[in-house]
Every structure is written in C-alpha cells, then in structure tokens.
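Visitor: Could you pick one part of this model and take me through it slowly? I would like to see how it is built and what it touches.

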Amino acid sequence: MEDFLNDWGLSLAVFLPVVGAAIMALIPRAEEQLHKVVALITTLAVAGMGVALLANFDMGRSKDLQFVVDASWIDVINSRYIVGLDGISMPLMLLTMLIVPLCVIYSWNHFPEPHNPKAFLILILILETGMIGTFAAQDLILFFVFFEIVLVPMYFLIGVWGGEERQYAAIKFFLFTLFGSALMLVSFLALYFLADASGTAAGVANTFDMRALPEATAGIALSTQVIIFGGMFLGFGIKVPMFPFHTWLPDAHTQAPTVGSVILAAILLKLGTYGFIRIAIPILPEAAIEWAPIIGGLAVIGIIYGALCCLAQTDMKRLIAFSSVAHMGYTMLGISTLTDFGMNAAVFGMVAHGLITGTLFFIAGSMKERYHTLEIKRLGGLLVSAPKMGWVFGLATMASLGLPGLAGFWGEVPAILAAYSPAEGLSEPLFRAYMVIAAIGTVLAAGYLLWLYQRTAFGTPTEEFVDDPHITDISIPEWVAWVPMIVLILALGIYPNLLFNLTDPAVVAVGDLVAAAAGS
Amino acid sequence: MLLTNFLMLSSILFCIGVYGVLARRNAVMVLMSIELILNAVNINLVAFGTIHGSISGHVFALFIIAVAAAEVGVGLAMVLLIYRNRSSIDLDDVDLLKG
Amino acid sequence: MFFLENAWIIPAIPAASFLLILFFGKRMPRKGSEIGIAAVGLAFAFSVLAGVAWIDRVENPPPAAHDTEQVDEHVDEDHAEETEHAAADVVQVAASEEGGEGHHAVEPVTNSWTWWQSGGTEFQVGTFVDGLSVMMLFVVGLISLLVHVYSTDYVRDDPRYTHFFAFLSLFTASMMTLVISENTFQIITAWEMVGVCSWVLIGHWWEEKPNADAALKAFLTNRVGDVGLVIGMIILFFAAGSFNVVEINTLASEGALSHTALLAASLCLMAAVMSKSGQFFLHTWLPDAMAGPTPVSALLHSATMVVAGIFMVARMYGVFWEGLSIGTSSINALALIGGVTTLVGASLAFVQRDIKKVLAYSTISQLGYMVMALGVGAWTAALFHLFTHAFFKACLFLGAGSVSHACHHSFDMVADMGGLRKYMPHTFKTFMIASVALAGIPPLAGFWSKDEVLAGAQQLGDGGYPLMFVMGLLTAGLTGAYVTRMVYLTFFGEHRGHGTPHESPKTITTPLWILAGFAAVAGLFNLPDAIVPDGIAYRFEHFVEPTAAYFPSISHPSFSWGLAIVSTLIAVGGVAVSYGYWFQGRWHGITERNGVARAGYRLLENKYYLDTLYETVIVGAIKGPIARASYWANQNLFDRVVDGVGNGTVDGGRRVHKYFDRAVIDGVINMSGRSAEGAGAALRLIQNGRIRQYASLMFGGAAILAGVLIVIV
C-alpha cells in the first residue's frame, strides 16, 4: 500500500479528475444527475487520495520532496515527468482538493445560466487537474504545462457562465495571464540554456529539473539573473495579482460564476505566489535579493491601493475582489522579506485567504441568487432576512480583516512582523517603512470590510426586499459547502501550528538558500 | 532572335490573361484567363529550357499543366456551386470574405 | 496551586459557554442566560480560588529552591518543548531598594504549550499568573457575573437575548485570556478579541444606523491603536528575541535592551493604550460607544475592557519604565497624556445631558488618572485605582441603566429624570454611595486610590511630577462638581418625565448593592501604614505588585496627611460649589444678569465670596465657555478629524479607483487592446472581398517587385 502510494499516489491524484471528465464525456448530456454524481465521486476520490497522501507524509521530513516520481518524458529537451510534494506544496494541494468538491456540492441545485452541468463539471475537473498538477510538478516544463492548462477551463467558465460582460472579462483574464506566462516561459528557457546542472543530481548540463536548478545557477551573471527573474516576476506577479497588474482580477471576479470566483480566489491566485516561493526565489536567490525591494514596494502599494479601491466599490463582489488585491499584498510582502518568517506567513496567508475569500465569494454568490443584485446600497438587513447567512458572513468578514483566533490573522501579522527584519542584504529602513504601511493597511481592511458588513447585514431590509420570499436562509448544499471552510478557518486560527508545523521546515530550506546567496 | 519571339508571344498571352483576370466579372472567363497566364509561363519555361539545353524547363511545364488541370477542376466545381447557390457567376457578388 | 497552574480553565469555561449558548441557547428554558451565568459564576469561583492560592503563595512562599542559576537554566531548557513548569522557586531579589528586610521575590506561575512555529523556533501559548492577573481575574469575573445577572432583566424582551449572552461570555473569555497572557502575541490576540466583542455589543441594536456607526467607529479607532500595539510588540520581539512577557520585561529591567528600541516600543504601545483606554485624543469613540446596552457599558466601557490598556502597560512595565525613564524624569509622554485626559474628561462631563455620557466622560477622566499614575511610576496606585474604579463605575452605570429602565429607556437627565429618589430608593442609595466614591470623599474607595495617585505624582520621579500633580488636583475638584450635578439632575428636584417611575426588580438591585458594597469598602484593601498597623496596611500592594525580576524596582509614595486633607478639601469644594448651584439654586442668574452692583449684592448676601469666585471664574468658566469650547473642540475638531479621516479615506479610495485604477492602469491595458483593434479596423478597409481587386493588388505588387528586381539586377 505504501509503495503504491509512493509510486502512483500523487500521479493518481493529479490525473483522476481527467479520468472522471473522460467518463462524463461519454455520458449523454441529459443525464444531469449522473453527471453530478460522477463529478462528486471523482472529486471526493481525489480528496481521499489527498488525505491518504497526508497520512503517509513524513512530517519530520517535510522539507524534502516526498512521493517523488521521476520518469522520462520529453527526452529531446531533457524535460522529465517529475512530481513530488513537500511542506510548501502539500497544504496548497490539499486546499485545492478541498475547495473543488465543495464547489461541486455548492452548485448541486443551482447551476448558473446557461445551465449545462455536463460541460460545467467537466471543465471544473480539468481545472482541478491543472491546479493539482501545478503544485505537484517539479519540472519547469511540466509546471508550465499545468500552469497553462488552468487557463482554458477558467476562460470558458467565465466566458460561458459569467455575467453581463463575461466576454470582455474572460478575454482580459486569458490574454493578461498568457502574456505573463509567455515571458515566464522565456525565463524558463533562459534557465535551461544558461544553467549548468552537470554537477547536480540531474546529471546533464541543460535541465528543467526544479530540484537541480537551485544548485546550477551560480554560474549565471547577476545581471542576467535579474532579467530572468524579471520574466518570472511578470508571469507570477500577474497571476497573484500584484499592483499594477491586477486589473484583470476585479473584472474576472465580478463576471465569473460563483464557483469560478471561488476557485479563482482560493486557488488560482496562489499559483502565482507559489511560483515565487517554489521557483523564482530558490532558483535565483541573488536576483531575488535585487528584486525584493521592488516586490515589497508593490506589495504595500497593493495593500493600501486595494483597500482604497475597496472603499470606492458599489458592488459587493467587486469589493471582495479588490480585497484580494490587498490581501495578496500581505502575502507578497511576506515573500519579499525573503525570510523564513515572511515566507511562512505567506504560505499561511495563501491557505487562509483561500478559505476566507472563498467563503466570502460563496456568500456573495448566494446573496446574488437571492437578491438578484449585489449593489451594496440596495442590500441591507441580511441579519433580519437570513440571520444564519448573516452570521456566516460576519465570521468570514472578521476572518478576512485579520481577527486573531481566525485564520486570516496568521497570514497578516507574521508578514508584518517579518518586514521589521528582512533577510540579509535588504535595506532595513525600507522594509520597516513597508511594515508601517502594511500595518496601516490593517486599519483600512477593518474599515472597508466592516463598512460593507454594516451596509449589507445591519439595518433593516430595503423596501424592495422586505418580504421577498426568495430571500431564504442557508440551504443544505450551502451548509455542506461552507461548514468545512468555516471549521478550517477556526481550527487554523486557534491552533496555527497545524499548518506552520508542516510548512516551516520546507520554508526554512528556502530561507537558507537566500541566506547562502546573500552571504556569497 | 528566336527566343525574343517566344518571349514576345508569352508576354502578349500573359497580358491578355492579366487583362482577363482583372477586367472580366464572369468567373469562367477569369478561370480561362488564369489558364492563359499559366500557358504564357509554360511557353517561357519551354523556350528557356530549349535555349539552355536543360530539361528542367520542360519538366516544370509538364508539372504546371498538371497543376493547371487540377486547378481548373476545383475552380469550375466552385463556380458551379456558386452558381447553384446564387444563380450568378458574377465575381463581384461573391464578397463573403469582406472584413 | 491547582488553580494557578491550570489557570487556562478560567477563560475556557466562558469560551465553552459562548459556543454552547450560540448553538443550544435558544432551546434552553431561559434562552441561554442560565448557561452564561453558570459559566461565568464558575469562572469567577475559580478566579477567587486562584486568588486564594496566590495569597497563600505570597504568604507562604514555596520552599526556596536549591540555586537560582539552576532554576533559570531549567526554565530555558524546557521552553523548547511542551512543558509545565510552575516556577515554584523563590529567588532572592538582588538588593531591592525598599524591600530591605530580606524581601523574597514571588515568582509567577506559568504554564505553556506550543502554539506555532516559524524559522525553526517554537512559540508558546500559555498562562502567566501573578498578583496582577489574579486581581484582574477577580474584577472581570465579579463584574461580569453581576452584569450577567443584571442583564437577565435588563434585556429581557430583546429579540437577540441569546446572542447577547453569548457575546457577554465570549467577552469574558477574551478578557480573562488577556489578563493571563503569557506572551505578547497572545496579548495582541486577546486584545483584538475584546475589541470585536465590543464592536458586536455596541452594535447590539444594529437596526438603528447610529448604533452601527458607533460600533464601527469604536472598532476603527481601536484598530488604529492596534497598529501601534502590533508594531510595538514587533520591536520588542526583535529587541528581546522573544514574545515572552517575562523575558522581555526581565531584559528591559536589567537594562539589556537598547533605550531607543524601548522608547520606540513604548510610544507605539502607548497608541494602543490611547485608543483602547480612551485617552485624549483617541477617546472620542468611548462616549459614542454608549449606544450599546447599559450592561455592556458597565462591563466593557467602564470596568474591564477599557482598562485593558492600563493592564497592558502594567504588564509590560519594565519596558515603559526604561523606555520613558519614568523613575528619573519629571514629565513623560505617558504621564502627560494621562494628565491631559483626566482634565479633558472631567470638564467635558459637565455639559452632557445624557447620564451615560456623563459617566463615559467620567470614565475617560478616571482612566486618565490611571495612565497618569503609571506614567509617574505609581504602579500600585494605578492598579488600585483600576480596582476601585471598576466597582463604583460599574455600579454607576448599572444604576443609570436602572434609572432609564424606570424612565421609558431614556438617558436624558434634563428632560426625563429628576426626583427619582422617592421612587427608586435602592437605586438612589447605591448610586449615591458610588457617586461619593467617585468624587473621592473619604472613607469610600475612590478616595484611597485617588490619593495614592496624587501622592505618586507629588513624590515620585525626579522631584515629583508637578504638572501632573496640579492636573490631578484640579480634576479632583471637577469630579466632585460634576458628580453632584449628575446626582441632582437625576434624583433630586421634581420628576420631569411622564408617568410614574418604579423601582427595578431584585435582579437589578442586587448587583447594585453588591457593587455599592465594594465601592464602599474596596479602599480598605490598601490602607496606608500611617493609619493602620503593618499587618493590614498595603495589602493590595503586598499581593498584587510583582516582586520578581521581571518587574522594575520602583519606589512607593508615602502617605501624607497634608495631601489627603488638601485633596479631600478640593473634592468637597467641588461638591459644595455644585451643591450650591444645583440644590440651592444659587448664582443661577449671575451669568445672565450683568452689573457689578448685582454681583456685589449677591456676594454680600451669600457670603460666598470665594465660592462665587469659583463659580464665575472656575466652575462657570469651565461649565460655560471652556467646557463648551472644549466640547466644541472635541466634537468639531477631534471627532471631526476622526470622522474626516474616515470620510476622506473613503473619498480618496473613490478617487483612486476612478481616476487611477479605471483610468490609468486599466486604461493602459485597454489601450493596448484598442490600438490593435484600431489597426485592424484600418486594415479591413482593403479586405473588401472582391477577388478581382485582390488580383489587381497582387499583379500590381508583382509588377513593382519585378521592376525593383530589374533595377537592382
């Protein structure tokens, strides 16, 4: 059993969703119930796979890759099929495996127009493969392939099932990210040609092996490294999204169907930050030190800027979308410190943001379904019309503004803390200024979130919705989808070591690479 | 001297062909004009081939004849279909590719 | 010992009760209030037992351990793993200045578990119990319990009765966690939790927009302070290399940390104190917070939550002591802020019509006393004042609630109250006791603690803190005066409201009497040794003030009869002036009627030459222009600034979004798309679908190319 997991477990987890999608492709479109069941079983099986992997994961060695599979793939360019998990990718993979089944359950009874569960669910399953694959891949080309696979289903989810301006939003999302990934690919190729990995485990001079590359880049001139890092910075930074590459996000979020928004916020954004921690920084630590002040600066601008834009929004979903810009700012600030403290906070922040913003988008979707609008000034009195939903919304709001005891806090405060003392080679006064700005951002976060809550949940319902029979409290599928997220938000908030314990050793390894680069 | 005559002939044929392609609106006439252009080229090829004592000119001419036959076949089929659909073979009416 | 080592149980009980009430409260016969009362009662009982255990520990210190050094090492080693070490060891204090008689340091009882880790270091969560924690646990537990009982009647028919009790429980749990926090990270956590409870409870009646606004304002103002708290704690973490309260304070007290870092940290932490404890100029949220139900005001906004700032300074006193040079200066930021606040609060209490607002400003003023006391180095005086203030102010708030219960839920003293002493004897008596205690008239509680604060300002530091001393004395007079006004308007004269008021039921009067009892006798816990024999003098100081190495060696002011008499006279003077004005109706005309003769006549007739001077120059000026001006400044300047910052930020957000995000950033993106589109539009003109035109273009092009070829070749 253990051998089976070691050899096949991870690959199975990656490709099971595609198998499910293939089965669904063979079932006629009219069998909607069967489609839902197959999709649910597939995603649950994937989640089960994830739990099995977690159970067999050696916590003591979480800094090493485990469940590694290394098989030949494209020999011409020395690109191999390498997958593996360590303490950084594990939590994100599990997050994916959790969110996707919840999305399937959530959409059980209400698929957005134009309905068609078959296509919708198949796209979600393909999306899942792309996301899990991205977190598992340990070869740059494999990573790139999975990274790009994600775009396609998301494009269709937004473009077909989206809101009024879905076409514009979908194209913008697709082209924007594709533009970034094109430059990222150039950087990957540059690494392939410039790095000399012959002395490493890869055994050949030119390789895409992410395990070997950190040791192989020493020979590249710093100025070249900085340029290569720049390409990756654009690729990952657009995905995060960092200021000023964020403008696709509000449009995509506002137009996407609820489930699309949830997956987008919960997981897709993390592909960018994950790329920084997994690829850009370990492989090019010296360039990372050069870039860190810029990244940190853009991050704190994003925090303040996202918050200010939130205050200006009249649409609830758009507000939550902009809040993502601010929150990912904290994550990027943590990353830009290049310390283990900061990157731990970043990984925690990714998971926490996934859970919290995911919940917020779920709630926004459910409210849209009931009110048929998310215009803030027309809402109000949610606590009167649907008290339980008001409570869940309140909890998610509190978590989002970084209340201690809930998950959001542990991504935010440690990131601020890390900025006080960034890695060696970075300017302390600069990062302390960032720290103060980021801390001020927490006030703004409380401002826009509580103001939103006050305007939507407090007070009495507006005239048009006073006795609207459509405004019902949380339904069963909604409960099933939300409860696991709420429980995790609470559990991680109260006992954060659940996650820190897993990520810390792996993050320390990355931090050591940076420290070594700063010392040389 | 001989070559000049051949070249003169082929230029005249070519010009007639170009005129036909540009000036006629009847699709069949255009196809025939294209045929004239191709044959003008053939004459050139054969003439140069003979003068230079090379066989490749003749081979190319044969090749072009074959391609021209195929082209006329496809072209006439298209013209026929256009006629069936629109009861007209006026080329100015067929502007579906307008941007 | 059990209750000291397992102090985590105390907050855990109300925390569990929060969940129970939330999920099962509605199904209980009394809608969940019984769970809350039982849980808080139990937590209070445990707090009392912990207090008894602590007293026992101080009186009979555990047998001295073998060797100090060894103990320390033992502590350090065990820190890495999950340990439970009651530092049950007595360490000889190195030549403490005043504890000359072989004073033994009583070590706190700590207990910790791994909470999170980063960079390979594990950080703890745990309990840290010493005299201060035990005292706070007692205060929080007692007042919370009484407020719970009181609330069963006060919010009886409220639609969210169950939720109200759930959040009272959560608040109690958070506050109790705060006071036994083992490290600064835990303090931040609990600190923000009480802030959220405050937000929820102020906004309890959220159907009304002003209530929701007040809640939001309170939360945001506190959040500003939280920035200071977080940054201050971060500075301390990197200075001391630890979040642990004991380690940070020990290092700071030993002088091992750089003065700059400590100064920066204490100034940052002061921002947190200013917002949480309503210090001038971040105090404006506190009067607004009176929008919440009265039991909430009593529990959160007078007795416990707002003193979190005081507690935090007291807890991190080593940092403040060194950072602000409290022991060796004659003015510092903490003392100054406290002094200004106490004056501002007291003068503003004059012009309020709303009884709760009077009490709110009075709370601000009294909190100012505490901060000032901490600022001048009178640690025990500050905490003792916190202790006594909790009782009499909670009593006053609950009394005000009882009064408004009788007056159709109005808090307007001028329009709806007056003459209530006839109708509400119990409320009247308890309110009077608490008022006298607040005014600082001996022998009630307020006098003793206030006197210690003043003595501290007079004697401590580098030749005393003269400015603070004067401010404190002035406030003593003002306090007496506004208390008298409040009592007069509420209980004396004729009833001005409609209907016949009725006395409140027993669930309300019983807590009032208990609190009034404490308000009367709490002062006796720290009687000076000049009055009573050594065995019962300075008990509070003996049990509460830490003696171990994490606490700086501070000096204590000595009791002075002269000061006690002067401060009492000033307080009585304030009361007398106010009494003359309100009860006897004197001087009412003086501000309207002009003319020196009139004034002279009155002076002679009333023989209150001095008092008239007080009235016109001091009370009148303060009650009139100065109070109004400062209230105006308060409402229009500070409050407007607070509101303005909020509105300005929102407006700024709108502008940024509209002119920058939409216009510039998105504009650039869309522009690239649009330019491609434009190029396409231009090029499509030649794509007209005419085959013959394509052909002519092709031939033309071929001809040109041929021409070029000929020319070149």
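Predicted model: local features only at pLDDT ≥ 70, side-chain atom pairs only at ≥ 80, totals over all residues.

Guide: Let's begin with one term: two residues are in contact if their C-beta atoms, placed from the backbone, lie within 7 Å. By that test, no contact joins chain A and chain B, and their closest C-alpha atoms are 21 Å apart. Two pairs of chains do touch, and the pair with the most contacts is A and C.

Residues are numbered from 1 along each chain as its sequence is written, while chains are lettered from A and ligands numbered from 1 in the order in which they are written.

Chain A is as compact as a globular protein of its length, because its radius of gyration of 22 Å is close to the 24 Å that the globule rule gives for 520 residues. That radius is taken over C-alpha atoms, and the rule is 2.2 Å times the number of residues to the power 0.38. Along the principal axes, the C-alpha atoms of chain A fill a box of roughly 75 × 60 × 40 Å. Among contacts in chain A with a separation of 6 or more, 78% involve residues 24 or more positions apart.

Now find the two strands. Strand 1 (residues 66-74) and strand 2 (residues 79-85) of chain A pair in the antiparallel sense over six bridges; pairing requires that DSSP finds at least two bridges. One bridge links A:Val69 with A:Val83 in strand 2. The strands form a hairpin with four residues between them, and in its turn A:Asn78 has a positive phi of about 55 degrees. Five of the seven residues of strand 2 are buried.

Further along chain A is helix 3 (residues 89-106), with 18 residues. From first C-alpha to last it reaches 26 Å, close to the 26 Å expected at 1.5 Å a residue (that is, 1.5 Å times one less than its number of residues). Helix 3 of chain A is mostly covered, with 18 of its 18 residues buried.

Finally, look at where chain A meets chain C: the contact takes 41 residues from chain A and 40 from chain C. On the chain C side, strand 3 (109-118), helix 7 (184-202), helix 8 and helix 26 (609-683) each supply at least two residues. Helix 8 of chain C gives the largest share, 13 residues. By class, this side of chain C has 21 nonpolar, 11 polar and eight charged residues. Here Ala, Val, Leu, Ile, Met, Phe, Trp, Tyr, Cys and Pro count as nonpolar, Asp, Glu, Lys and Arg as charged, and the others, Gly among them, as polar.

How values were computed. Buried ≥ 20, exposed ≤ 12 C-beta atoms within 10 Å, placed from the backbone.
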